[in-house]
Amino acid sequence: MKKHNFFAGPSILPQFTLDETIKAISDFAGTGLSLMEISHRSKQFVAVMDEAQALFKELLNIPEGYSVIFVGGGASTQFAMIPYNLMKSKAAYLNTGAWANKAIKEAKNFGEVVEVASSKDKTYNYIPKGYEVPEDADYFHITTNNTIYGTEIREDFDVNVPLIADMSSDIFSRPIDVSKYAVIYGGAQKNLGPAGVTFVIIRNDILGKVDRTIPTMLNYQTHIDKGSMFNTPPVVPVFAALQTLKWLKAQGGIAEIEKINIHKAGLLYDEIDRNPMFKGTVEDVADRSLMNICFVMNEGFEQYEKEFLEFAANKGFFGLKGHRSVGGFRASTYNALPVESVQALIEAMQEFEKIKS
Ligand SMILES: *Cc1c(COP(=O)(O)O)cnc(C)c1O
């Protein structure tokens, strides 16, 4: 049976990434050794790291003056590293959900946090608008894609202080104007590679402004100065991420991927809006995520939630259960998810509708 992988993260990767990584794990770069048993300082792995950084910059069109680093610890460690490195006394945060809250919690260890707006009143099913960012904030932090609730900020806007974005679950889904941001970070395991590597894009001139002593490993400058080789980097995840970057380039780059993402998400949202059994949880179409599509059973059909999940599981669908904090369903339509899987899900929804009506 064909499998359809809608997991939210770790999540589907291109077949190319899996195939190339499997090959390298058995014989890396013709050395006869595994990628897992060769020095990260070998010329073969240094070439992987260099190419990953270069291709990352190329695909995102990252301007001069920015560094790209690959570190461990997940996006969750960035929640602390951001204020550690950048917050003098005050920072502004947009509260769009669980991940934003975790970032806010860490920032409070370093100074005053101003929550400029929150969508908590409606279980984070929209992106707050019309807020003001205090001019004396050291930075403004946003979460561009809210993986759990299916909302997304798909615009690179201007703000009066340095802008910092957690792009864990929508990096490489659309072209971004990196020049609008001071820092962009995220875990790889949603749209880039396996868990274990975290990317950080940093505008170099933002660093060196805080007085506190920063532990070596938590200091961005350490990893910039050493090209992400201060200590042993997550070798296998970096290699796998490079394969995804190569795959992205072969697809025609991110502008092409975005077109496919708009098409895929559009098909599924159209069915959710049409099918009387289902209902989208994000009302404002402009706030709907292209990566995580959240929906529930419509009024009157709530009793079928579990049954639909079982029905779908029997048809080879994985990962459709909504996050435990919100329930319902979540179909993650990351870059690597083929349009055929979206079409198969739509067919399953239509079949379920026929059975129940
Ligand atoms: C998954 C996720 C995180 C957490 O990432 P880890 O790498 O597990 O720490 C943070 N932010 C967003 C938006 C996410 O989707």
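This is a predicted model: local features need pLDDT of at least 70, side-chain atom pairs count only at pLDDT 80 or more; totals for chains, interfaces and linings use all residues.
Which helix lies across S11, S12 and S14?

**View 1. Helix H7 lies across a sheet built from S11, S12 and S14.** H7 spans residues 254–274 and runs at about 15 degrees to S12. The sheet itself is open, has three strands in the order S11-S12-S14, and pairs in the antiparallel sense. Its edge strands are S11 (278–280) and S14 (329–332), each of which pairs on one side only. From one strand to the next, the twist averages 35 degrees.

**View 2. Strands S12 and S14 pair up, with helix H8 packed on the sheet.** S12 covers residues 292–297, and four bridges join it to S14 in the antiparallel sense. If you want a pair to pick out, Cys 294 stands opposite Arg 330 in S14. Helix H8 (residues 305–314) touches S11, S12 and S14. The direction of H8 makes about 35 degrees with that of S14.

**View 3. S3, H4 and S4 make a right-handed β-α-β unit.** The two strands, S3 and S4, pair in the parallel sense over six bridges, and Ala 91 stands opposite Val 113 in S4. Between them in the unit's name comes the helix, H4, which has its own view next.

**View 4. Helix H4 (residues 98–107) has buried residues: Ala 100, Ala 103, Ile 104 and Ala 107.** Looking down the axis of H4, these buried residues fall within an arc of 100 degrees, so they line one face of the helix. The general rule behind such a pattern: an α-helix has 3.6 residues a turn, so residues three or four places apart point the same way. What covers the buried residues of H4 includes helix H3 (74–86) and the strands S3 (90–95), S4 (112–118) and S5 (140–143).

**View 5. Ile 127 sits in the loop between S4 and S5.** Despite being in a loop, Ile 127 has 7% relative accessibility, so it counts as buried. Leaving aside residues up to four places away in sequence, Ile 127 touches Thr 96, Asn 146, Thr 151, Glu 152, Ile 153 and Asp 287. Thr 198 is another story: Ile 127 and Thr 198 are 71 residues apart in sequence and 25 Å apart in space, C-alpha to C-alpha.

**View 6. Helix H9 takes in residues 339–356.** With 18 residues, H9 reaches 26 Å from its first C-alpha to its last, close to the 26 Å expected at 1.5 Å a residue. Its buried residues include Val 342, Leu 345, Ile 346, Met 349 and Phe 352, and Glu 353 is buried too.

Methods: Residues are numbered from 1 along each chain as its sequence is written. Side-chain values use heavy atoms; hydrogens and water are left out. The expected span of a helix is 1.5 Å times one less than its number of residues. Buried means under 20% relative accessible area, exposed over 50%, partly exposed in between (1.4 Å probe, protein chains only). The arc is that of the directions from the helix axis to the C-beta atoms. Contact means heavy atoms within 4.5 Å. Two strands pair if DSSP finds at least two bridges between them. Axes are lines fitted to C-alpha atoms, for helices over the stretch in contact, and angles run from 0 to 180 degrees between N-to-C directions. A crossover is right-handed if, with the strands pointing away from the viewer, the path from the first strand over the helix to the second runs clockwise.
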